[in-house]
Amino acid sequence: MSKALDGVRILDFTHVQSGPTCTQLLAWFGADVIKVERAGEGDITRGQLRDIPDVDSLYFTMLNHNKRSVTIDAKKPKGKEVLEALVRKCDVLVENFAPGALDRMGFTWERIQELNPHMIVASIKGFGPGPYQDCKVYENVAQCAGGSASTTGFDDGPPMVTGAQIGDSGTGLHLALGIVTALYQRHRTGRGQRVTAAMQDGVLNLCRVKLRDQQRLDRTHVMEEYPQYPNGVFGEAVPRAGNASGGGQPGWILKCKGWETDPNAYIYFITQAPVWKAICEVIGRPEWLTDPRYATPKARLPHLQDIFADIEKWTMTKTKFEAMDILNQHDIPCGPILSMKELAAEPSLRKTGTIVEVDHPKRGKYLTVGNPIKLSDSPTEVVRSPLLGEHTDEVMAELGYGTEQVAALRAEGAI
Ligand code: COA
């Protein structure tokens with residue numbers, strides 16, 4: 001079966017996490033992704049957080065499926081020539097070097113346009129134009145600078161980063177959308193263009209509801225669904241909301257049976273207004289239906305913490321899965337806190353290809369997260385990540401280099 005991005009060639013000049021997540025998605029959709037790395041070490045993540053000596057780390061393998069790897073030294077004149085040949089041949093160049101690095105290699109936007117006016121040049125940087133535009137940025141810096149850390153955690157604790165890699169993988173997703181949009185526009189105009197996604201912007205986009213809350217706070221000085229209401233104090237900025245829901249239906253994380261020994265024996269419970277009657281009946285508090293303090297969503301707001309404490313008395317008598325079964329029979333929205341161990345073993349995720357077992361020639365079998373975006377006409381087959389330089393000869397041949405030329409370039413360290 002053909003793939004959505006069949007025929008699209010990507011010069012993948014990305015490293016670490018943010019850029020590689022973007023190009024991995026494009027590869028899953030069928031693009032030919034040629035990853036350019038330095039001979040010898042390659043992408044720094046190949047050697048980071050290794051669990052098996054001298055074998056590409058899971059950090060690398062899980063971010064670089066379905067790609068080809070070529071080694072090129074972009075700072076050597078002959079290496080630059082090979083890169084230029086790739087620029088001429090490819091549709092998109094994706095990079096996430098530190099600000100200015102691509103220009104310093106000699107690949108300015110103007111030079112790339114001279115080589116290939118159809119080329120789309122897609123970049124991730126930590127910040128957009130402004131005071132921090134020259135800064136190097138990693139995941140947690142973006143979470144802090146994009147508004148996530150100041151709004152995550154509990155009110156009496158410090159700002160907190162989240163395990164979801166919203167700065168890296170989140171910005172990779174944003175960039176991938178920018179690239180396919182630019183490819184779509186190129187069908188009409190024939191022109192390439194620059195696509196940029198700043199990690200601060202990507203995180204802020206994902207924290208959109210918190211900027212909503214900032215403006216509500218500025219106007220009304222109070223937010224009734226936050227745990228600070230009614231007894232806490234609101235300052236000038238959106239506070240950390242603990243586990244409160246970010247939407248209009250109050251929610252909280254509640255203990256379940258076994259919480260004393262299992263750190264994940266919890267459930268997220270949402271007191272959705274349309275099923276309030278069912279909630280009262282299921283947890284054995286039918287009197288709440290007529291109690292004026294609980295009868296309407298508005299009346300309940302000042303009592304939310306008490307309400308959740310009472311609901312928790314019920315959830316603590318059930319495992320998270322028992323609670324899930326019972327609550328779903330009544331359409332009460334809830335979600336078990338699932339550990340990575342539980343997710344890795346979940347049969348339904350294996351069945352949909354969201355969790356995939358991959359075989360690697362050096363590390364053997366490992367689990368990875370497959371493509372979370374499912375296209376009915378372009379199914380994803382997850383292929384192991386390439387070894388460093390595994391496809392150099394193949395790609396050089398496609399670029400028209402003969403075996404002797406390749407050997408000479410290798411001897412002088414250009415590839
Ligand atoms: N051949 C020759 N040189 C190469 C090369 C190649 N194939 N690939 C990379 N290099 C060079 C670069 O040109 C650069 O050289 P320069 O500093 O002389 O210009 C050098 O390697 C280092 O690149 P850099 O991007 O600065 O890497 P770093 O390890 O110092 O910094 C980041 C890493 C992630 C902090 C930085 O790349 C960055 O801020 N990127 C943008 C934001 C981002 O994506 N962050 C998230 C990463 S998950």
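**Exercise 1. Work out how the side chains of Asp310 and Arg285 meet, and where each of the two residues sits.**

Solution. Begin with the contact itself: the side chains of Asp310 and Arg285 form a salt bridge, with 3.3 Å from N to O, where a salt bridge is a side-chain nitrogen of Lys or Arg within 4 Å of a carboxyl oxygen of Asp or Glu. Helices here are DSSP runs (H or I, at least four residues), as are strands (E, at least two), and they are numbered from the N terminus. Then turn to exposure, for which buried means under 20% relative accessible area, exposed over 50%, and partly exposed in between (1.4 Å probe, protein chains only). Asp310 counts as buried because its relative accessibility is 16%, whereas Arg285, at 26%, is partly exposed. Finally, salt bridges that share partners also join Asp32, Arg68, Glu394 and Glu398 into one network.

The model is a predicted one, in which residues are numbered from 1 along each chain as its sequence is written, local features need pLDDT of at least 70, and side-chain atom pairs count only at pLDDT 80 or more, while totals for chains, interfaces and linings use all residues. Side-chain values use heavy atoms, and hydrogens and water are left out.

**Exercise 2. Describe the salt bridges that Glu114 forms with Arg111 and Glu225 forms with Arg216, and decide for each residue whether it is buried, partly exposed or exposed.**

Solution. As background, side chains of opposite charge can pair when their charged atoms come close. In the salt bridge of Glu114 with Arg111, the closest N and O atoms are 2.8 Å apart, and both residues lie in helix H5 (residues 109-115), three residues apart, which is about one turn of the helix. Glu114 counts as exposed because its relative accessibility is 60%, and Arg111, at 25%, counts as partly exposed. In the salt bridge of Glu225 with Arg216, the closest N and O atoms are 2.8 Å apart; Glu225 is buried at 15% relative accessibility, and Arg216 is partly exposed at 31%. The structure as a whole holds 27 salt bridges.

**Exercise 3. Find what the side chain of Lys125 touches.**

Solution. Lys125 lies in strand S5 (residues 120-125), and Lys125 counts as buried because its relative accessibility is 17%. The side chain of Lys125 makes a polar contact of 2.9 Å with the side chain of Glu95, a polar contact being a pair of N or O atoms within 3.5 Å; within protein, one must be able to donate a hydrogen and the other to accept it, and residues adjacent in sequence count only if both atoms are side-chain atoms. A polar atom of the Lys125 side chain also lies 2.7 Å from the backbone oxygen of Phe97.

**Exercise 4. Describe the surroundings of the ligand.**

Solution. The ligand is surrounded by 24 residues, the closest being Lys75, Ala98, Arg104, Lys136 and Val137; a residue counts as near if one of its heavy atoms lies within 4 Å. Looking at individual atoms, an N or O atom in the side chain of Arg104 is 2.8 Å from an oxygen atom of the ligand, and one in the side chain of His15 is 3.0 Å from a ligand oxygen. The backbone takes part through Ile72, one of whose backbone N or O atoms lies 3.0 Å from a nitrogen atom of the ligand. Taken alone the ligand exposes 930 Å², and the protein buries 84% of that, with accessible areas coming from the Shrake-Rupley method with a 1.4 Å probe; for residues, only the protein chains shown count as cover.
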